[in-house]
Amino acid sequence: MSYVLKLVSTPKVLIDARSISPNKFAGKSLDEIRKLRILEGGAEATLDTLFSVDGPSKASQDPNSIEIIIENSSNKLCFIGYKMSGGKIVVKGDVGHFTGYKMSNGSIIVHGSARNYLGCKMRGGSIEVFGDVGHRAGGKLHGEKSGKGMRGGTIVIHGNAGSYLGWGAGGGAIIVDGNAKNFAGADITSGTIVVKGSAGIYPGFGMSGGRVVVGGRVEAMSPSFYIDSIVPSLKVRGISFNKPFATFIGDVLSSGRGVLQISYEDNKNIIDVYKQFLEESI
Amino acid sequence: MEILIRNGIVFDPLNNIKGEVMDIAIKNGKIVDPKEIDESKAVVVDAKNKVVMAGGIDIHSHIAGPKVNVGRMIRPEDHYLTNKPHKLPYTRAETGLTVPNAYRIGYGYARLGYTFVVEPATPPIKTRHTHHELNSIPIIDKAAYVLVDSNWIVLDLIKEGKKDLLVAYLAWLLYATKTYSLKLVDPGSDVAWVLRGRGIDIDEEIPFYGITPKEIITAVAEAAQVINIPHKVHIHCNRLGYPGNYVTTLKTMTLSESVKRLAPGPAMHITHVQFTGYKGDSWATLESGGEEIAKELNRNPNATLDLGQVILGRPATTMTADAPFEFVLYHLTRWKWASSDTEIDSASGIVPYRYRKKSYVNTIQWVIGLEIALLANDLWRVFITTDHPNAGTFFDYPKIFAWLVSKKAREDTMKEVNQRALRKSVLPSIDREYSLYDIAIVTRASPAKLLGVESFKGHLGIGADADVAIYDINPNEVDISKNYDVFIKAFSRAWMVIKSGEIVVKEGEVVKTVYGKTFYVKPEIPEDVEKNLMSYLEPAFKQYYTVALDNFVIGKHEIRNPFEVSIKTHLR
């Protein structure tokens, strides 16, 4: 059962489109879906003022069986998949901020780029983005405690990620095929963050648990980590790296026991400073 | 505008009306005899099968001032995603949950049917800011209590034994800051904390000054008697938030008997007593001291108290001028805190908190407030507050009403809370249930009496201000002690609220924005006393404050809709 939403006109202001979620569609007739409330800037509007909505005349009660396809999408559409607990959303184009905010199950696939706070505070399910994403993917909100970010589920990013990737996450997994910017995996308490490319400064800063893996170059390492070992190869979440990795434990600033693993060959100049400590401990 | 409310079920304790079906007529912002109204021109409201009460009065709610603003700043997560866009032409954007913006405070209270709210602690030097914030809160009437507990000039005057000068200074301060009453927060402990790093009990000596908090409380309470302000003195007890502090509270309450009285009525108000009603030696052995405090309240007619009832499972932001306690609380929560310090007056701390249902300590805290409310014999001396936003937000007041009117509501909540804590309390054995009339007493009539505005607020008699709340519930059909859900729903969204003769809320939605009055007292000070005071104050101000005396005084023009309450003092 799939609904096709096609953007009619290009929006100029941010749109609060939290009604675009299988949970909101469930049990409604097509006319009711067309009249779902959205906010265009500060003004109230209905779904059919921006989208042409096509699909079955009556949606099933179970959100799991609902698929929503957004065509011709724009990066002004925020809160898509807000608190969804099942079903599937496929976006052909870009999405705005807070995509998949607090989602607990189901999947979102974006054939484009996403802006900030992708999968913010998500509890389960999966998000796949084929383009780049903005800052704080899988993160928490400002002012919240560490561990209040993403709690479960997976986010797969095929492009690059912005800074504060998985900020304050308390579980789940984020896999980035490209590069990440500064503070990847900052303040995480649990969960796994894998960056296949390079990362900016201070990956894993303030982490108190969990695992951060950087397969490429790191711009700078936080001095608050201590080295544990150098492993010849690594396999994490089904991704194998056939090169040596240095394993760090930290961040001592938050008395953490998190694991930070960065590629040895790409970061020789950084890790060689630590190497003397490694030999001493052996 | 003329309004006629037809056939409402009226609860009006000040006029002794217990659920009679009556007509209420409103003309020019006042309640008048229904005969005076021309029915063809008036707006007729059919309130058949609906409860009609006067507008609610909240005597203690942190709605404005420096600490509220700091609370807003350190809690961005409280404002995230709570934005309600503005709706022209009536409402402004609303945001925030535990520390909402000024508009949400006004609209939120109006939706509950409250029309008069008092900000309970404003340091003198920052009261200008408090008034700026109060000015922007829509709909409700406002007032503020001024903090005098750690003011160096007050402490100096008490230390030097200059009682007449103290009275004159407090009277001048009330008018200079345009506030309504005096507030004491953990008297003397700011000084003790700065010099020794800990709070003190009421018998201990304050370092440097050599006086005890007891002397401060007595001196200020007696000064309040001489100034003759309607609400005498608002006391936040010493050792707040420490296990075993109920003894301090009892001692403070008994102090009210030794105060030299010049006027009838209660001499002291003990505020958010839940935070100062802990029995036991440590957090692990904490027990409820609610029974003892209720007993003392029943015995001692000179003291009044409000609850500071905890709402479990909802976020809160603790903020108080008791900075030492907030510092301790920060170490318990280990998250974040902020301190807002002012010159010579006071300091305050802000710590976000969440009361958990399964927590032993939080359950005891929840129990204490309800025990006191249910064991008190004289409802005219008990007030319902959550000490917003310390123990919960004011949005949850209907939940407290439900716990009071319905044993079933309490039992349903008790199933979810910490059972070990419940076994140590008497709450499960209390059968008492408030009636709607009792609710009208604790939320309307007695607060009006306590604030000394019972002649024109808190009732629906002829001549009163036309602040009316109508709730869509029929107590003759619905048994509120069984169907408490219906009761909560009705009281969370008032069916209609009338403020100063204007309909401001209809079916839980704000339809019109008006701005209420700000109440403050003007004690009359004889000329020679004032001259004497100024000769003392001018050098003291130069010595202590960075502000000149002339700039300290808040002008009447700085207040939107000022309402002056003139007072005949006993100053000679």
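Tutor: One definition to start: Ala, Val, Leu, Ile, Met, Phe, Trp, Tyr, Cys and Pro count as nonpolar, Asp, Glu, Lys and Arg as charged, and the others, Gly among them, as polar. Also, this is a predicted model.

Student: What lines the largest cavity?

Tutor: Residues of chain B, including B:Pro66, B:Lys67, B:Leu147, B:Thr342 and B:Ser348. Helix H1 (66-74) and strand E17 (347-354) of chain B each give at least two lining residues.

Student: And how do those lining residues divide by type?

Tutor: Six nonpolar, four polar and one charged.

Student: What's the volume of the second largest cavity?

Tutor: About 60 Å³. Its lining has three nonpolar, five polar and two charged residues. Among them are B:His236, B:His272, B:Glu326 and B:Asp387. Strand E15 (315-320) and helix H11 (323-333) of chain B each supply at least two.

Student: Switching topic. Is H16(B) largely enclosed or open?

Tutor: Largely enclosed by the rest of the structure, because 14 of its 15 residues are buried.

Student: What span should helix H16 of chain B have?

Tutor: At 1.5 Å a residue, its 15 residues (436-450) should span 21 Å. The end C-alpha atoms lie 20 Å apart, so the two agree.

Student: Where is the kink in H16(B) centred?

Tutor: On B:Val442, with a kink of about 40 degrees.

Student: What comes just after H16(B)?

Tutor: B:Gly452, with a positive phi of about 70 degrees.

Terms used
Residues numbered from 1 in each chain as written. Chains lettered and ligands numbered in written order. Predicted model: local features only at pLDDT ≥ 70, side-chain atom pairs only at ≥ 80, totals over all residues. Heavy atoms only, no water. Helix = DSSP H or I, 4+ residues; strand = E, 2+ residues; numbered from the N terminus. Expected span 1.5 Å × (residues − 1). Bend = angle between axes of the 7 residues up to and from the residue. Buried < 20%, exposed > 50% of the residue type's maximum accessible area, 1.4 Å probe, protein only. 1 Å grid on protein atoms, 1.4 Å probe; cavity = no way out; pocket = protein on both sides within 12 Å on 5 of 7 lines; lining within 4 Å. Points joined across faces, edges and corners; volume = space filled by probe spheres on them.
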